[in-house]
Amino acid sequence: MSSSILWRGPTVSVPFHGRTDEHSRTVIAALAARGLQAVLVALIVGIFSFVMMQALPGDAAYRIAAGRYGYDMMDAASAETVRAELGLDQHWTAQLADWISALAKFDLGRSLVYGTPVMDEIAVQLGHSLLLAAGAVLASLLFALPVGVAAGLRPGGLVDRASLGLSVLLRAIPFFALGILLILVFAIRLDLLPVAGFRGPEHLVLPSITLGLGLAAVSSRVVRDAVTDAMAAEWQLFSRTKGLSTRLTMFRHVLRNAALPVVAYVGVQLAYLIEGVVIVETVFAWPGIGHALVHAIFSRDITMVQGTALTLGLLYVALNLCIDLACRGIDPRTRAAGRTGPRS
Amino acid sequence: MLRTLYAALCVAITLGQGYAMAQNKTDLTLAAPWEVASYDPAVSGFAFQRLQLMENLVDADTDGALRPGLATDWSVSDDGLTWTFELRPGVTFHDGSTFDASAATRALNRAWQQPGVLRKAPIGSISEADGAVVITLERPFTALPALLAHATTIIPSPTAFDDDGNPVALVGTGPFRVEAFTPPQSITLARNDAYWGPVPKLAEVTYLAAGRAETRALLAESGDADMVFTLDPSGYARLQDVESINTIALPIPRVVTLKVNAGHPFLSDARARRALSLAVNRDGIATAITRFPEAAATQLFPPALNAWHGKGLESLSHDPDAAKGLLAELGWTVGDDGILIREGERFSILLRTFPDRPELPLIAAALQDQWRDIGVELEVSVASYSEIPAGHQDGTLHVALYARNYGLTPDPIGTVLSDFGAGGGDWGAMGWKNSAVAKALETIAATSDMAIRHENILKVVRALHSELPVIPIVWYQHTVAVADGLKDVVIDPLERSYGLGAISWKN
């Protein structure tokens, strides 16, 4: 089904080497490139976040003591205790060197504020963030795909114009207000879902929909544009001309072509989500990594900030890899298999 | 297809709820704004104490009167320097290990090394002798038992620490033990059937930290949380109209105050501080911002602090004209832009506050407006609260707005002494010297003679009222929403306990 004439854009012609070898070689090359990228990202992110934390105004010992002991117990004496305990009066280069040498042993250290291992905290929060991100993307696709495809098939039609209006409206509502609105309707009026917390799958529904609606506002337009483009392409006309039914054209060609920009865009959205939509996490009392990162920055929890930034950096690398591989799966041109000629 | 799914979901949820209602409810969900992220009593002890996960040697009732906790009795030597705490026998930690003097001294020594209330007392040593805990002092300090009722002096099991002394688990002696801990958002507790006292009726309790006041109010309204602590004014008003919920507002010994740098040339004269105080419309702030008109502060210590609330004191009043008169006496004249000028200097000062308590920046804005009326220009800086002690230490602070808890321990002397004793305190007087007050506070801390205490407390309260090293603005109300079906709910004004041990559901 991978006929190069059926794909829009320039045709890639690659000499024939035997499909499997070539395929696995490029996959390994992609993996190796991303692996190298991961190491660089770890170092750069760690050093940058450290330097940025050092550059913030205010005395770190005071901020850490505030984060630890709360305003009822925090005072200058507790700040001095923190300074002595954590060795904050050491030169910053010594502190950074400590962190990097610990990192080489895969040790992210302990949270300066809570005393717990950074790795443990991140494991809990990252898990919750990934769950929420997956829920949000799923929710956004559930809204965006049907609406986007329907709008894209008849550009300028009723669905297209109505969904554009709705997109603008949804994008304009802050997540905070949308979240509260959904709680009021589904948890208070209809009493169908819980307000906040994270005990069961039902707790995932409202925060996912809150984020999903906001994401769908944009991604439905991306889907719509991709479908419109695909429908207007010459290969679409060709496949109809050669006798394929509307349904087959739709599923074999239009959706597959339209999927590429959508998958790439979902990748971008996922990155944005994992980083955490802090306000949604706060409204729904969801223990996510974005919320934790903001708290860590406020209370100058340097090891926690470094560890979180590092994890997010590596996650982006992994995410890029997944998106690359997904796009390779969808688009045979990047796989560069040497077969030519239509099969459909 | 979707419609069928949705209908099935609705039916399932309704059935699930019906099933849950038919059972005798023994679980409870509690929502509060405070996140719990650490195993360390010095950091998160307040939550472990309120949830009755860990206990103190000394307990206190809701009036602040001390009563036995893990210690059954305590006594002090005649010279007031050696305190002995007899321990309750037959108590075990949640993991089955025995509570004894060695466990208690380990926990207290650790608490003493960490920032916390024990630093307020002149402690010489904490050791065990004949199965009791013995604390020696460098000079008499009668409030020591009150400090041992504070959250930072709770007793975790020695098994809750790793070999390096880092806290790694939540093991206490309380009526509830930890079932699950998801920092920073939630703790699930189960009844401790081996508890030494009355075993709780609730089998399971879930604590949920919900940072947004809107979320907490909605959790209460939907019934997702059965007890919700600390509501914002609009949430409180809304919940008053919900039938299935009882709302409670309780005055607590927390006070919104203005710390004033009495060492600053504009503010060193008590008349200047009095003028700033007279310009504050406390009724307006209490009505419009905190929305409990009766909580406008008439003096520093609220009625909840019994002995420290001066009965005969003249209330702090709002009189901008008198304020202008006092400032004119001090040589200030009104400049072209309405701001006071003296010897070429404008009366312009900076106020530091923080957003963790959402009403503080609003009150700061109100003060900005009210002080402008008497010709004082106020800039407001909203940042980390650590900027306040930092500004105290480096002397750059002018005025600061914060909420101070004088009920931190059942006897407030520890806090008052560190705030207004010799040299002032990070969260109290700054650049203010009053040796009579410092001496009276030392006397109060050292004596157990009630008459002498009372006489000196009166002396302190009067001096603070007339010299205003800190300017009180409003007292706090503790707001709670409780599900109608709960009984034996007791709200502790000292915020030491959620009272879960006694609570049950009506049948």
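This report walks through the interface between chain A and chain B, then the sheets of chain B, and ends with a few local details.

The model is predicted, so a few ground rules apply: local features need pLDDT of at least 70, side-chain atom pairs count only at pLDDT 80 or more, and totals for chains, interfaces and linings use all residues. Residues are numbered from 1 along each chain as its sequence is written, chains are lettered from A and ligands numbered from 1 in the order in which they are written, and side-chain values use heavy atoms, with hydrogens and water left out.

## Where the chains meet

Let's start with the interface. With contact taken as heavy atoms within 4.5 Å, chain B brings 56 residues and chain A brings 46 residues. The size of an interface is often given as the accessible area lost when the parts come together. Here the two chains bury about 4100 Å² between them, 62% of it on carbon and sulfur atoms (buried area is the accessible area, 1.4 Å probe, that two parts lose on being put together, summed over both). On the chain B side, B:Pro115, B:Leu218 and B:Tyr385 supply 13% of the area that this chain buries against chain A, more than any other three residues.

What about charges? The rule for a salt bridge (a side-chain nitrogen of Lys or Arg within 4 Å of a carboxyl oxygen of Asp or Glu) finds 3 salt bridges across the interface of chain B and chain A. A:Arg110 makes one with B:Asp162, with the closest N and O atoms 3.6 Å apart.

Which elements of chain B give two or more residues to the side that touches chain A? They are helix H1 (2-22), helix H2 (41-50), strand S10 (204-209), helix H5 (213-222), helix H11 (387-394) and strand S18 (399-405). Helices (H or I, at least four residues) and strands (E, at least two) are DSSP runs, numbered from the N terminus. H5(B) gives the most, with 6 residues. By residue type, this side of chain B divides into 24 nonpolar, 18 polar and 14 charged, where Ala, Val, Leu, Ile, Met, Phe, Trp, Tyr, Cys and Pro count as nonpolar, Asp, Glu, Lys and Arg as charged, and the others, Gly among them, as polar.

## Sheets of chain B

Two strands pair if DSSP finds at least two bridges between them. On that basis, 4 strands of chain B make an open sheet with antiparallel pairing, in the order S4-S5-S7-S6. Strand S4 (71-76) and strand S6 (123-129) are the edges, each pairing on one side only. From one strand to the next the twist averages 15 degrees. Helix H3 (residues 101-113) of chain B lies across S5, S6 and S7, running at about 165 degrees to S6(B); axes are lines fitted to C-alpha atoms, for helices over the stretch in contact, and angles run from 0 to 180 degrees between N-to-C directions.

B:Trp83 is a handy landmark here: its bridge partner in S7(B) is B:Ile135, while B:Val76 stands opposite B:Trp83 in S5(B). In the hairpin of S4(B) and S5(B), which has 5 residues between the strands, B:Gly80 takes a positive phi near 75 degrees.

| Strand pair | Bridges |
|---|---|
| S4(B) and S5(B) | 5 bridges |
| S5(B) and S7(B) | 5 bridges |
| S12(B) and S19(B) | 13 bridges |
| S12(B) and S18(B) | 7 bridges |
| S13(B) and S14(B) | 2 bridges |

B:Thr247 stands opposite B:Ala481 in S19(B), and B:Val260 has B:Val399 in S18(B) as its bridge partner.

Another open sheet has 3 strands in the order S13-S14-S15 (chain B), again antiparallel. Its edge strands are S13 (333-334) and S15 (345-346), and B:Thr333 has B:Ile341 in S14(B) as its bridge partner.

## Local details

Over all chains the count comes to 26 salt bridges. One of them joins A:Arg83 and A:Asp59, with the closest N and O atoms 2.8 Å apart. A:Arg83 lies in helix H3 (residues 76-86) of chain A and A:Asp59 in the loop between helix H1 (19-55) and helix H2 (60-73) of chain A, so the pair ties together parts that are 24 residues apart in sequence.

A cis peptide bond, with omega about 0 degrees, joins B:Pro183 and B:Pro184. B:Pro184 sits in the loop between strand S8 (176-182) and strand S9 (186-191) of chain B. Over in chain A, A:Phe106 has a positive phi of about 55 degrees although it is not a glycine; A:Phe106 lies in the loop between helix H4 (92-104) and helix H5 (118-153).
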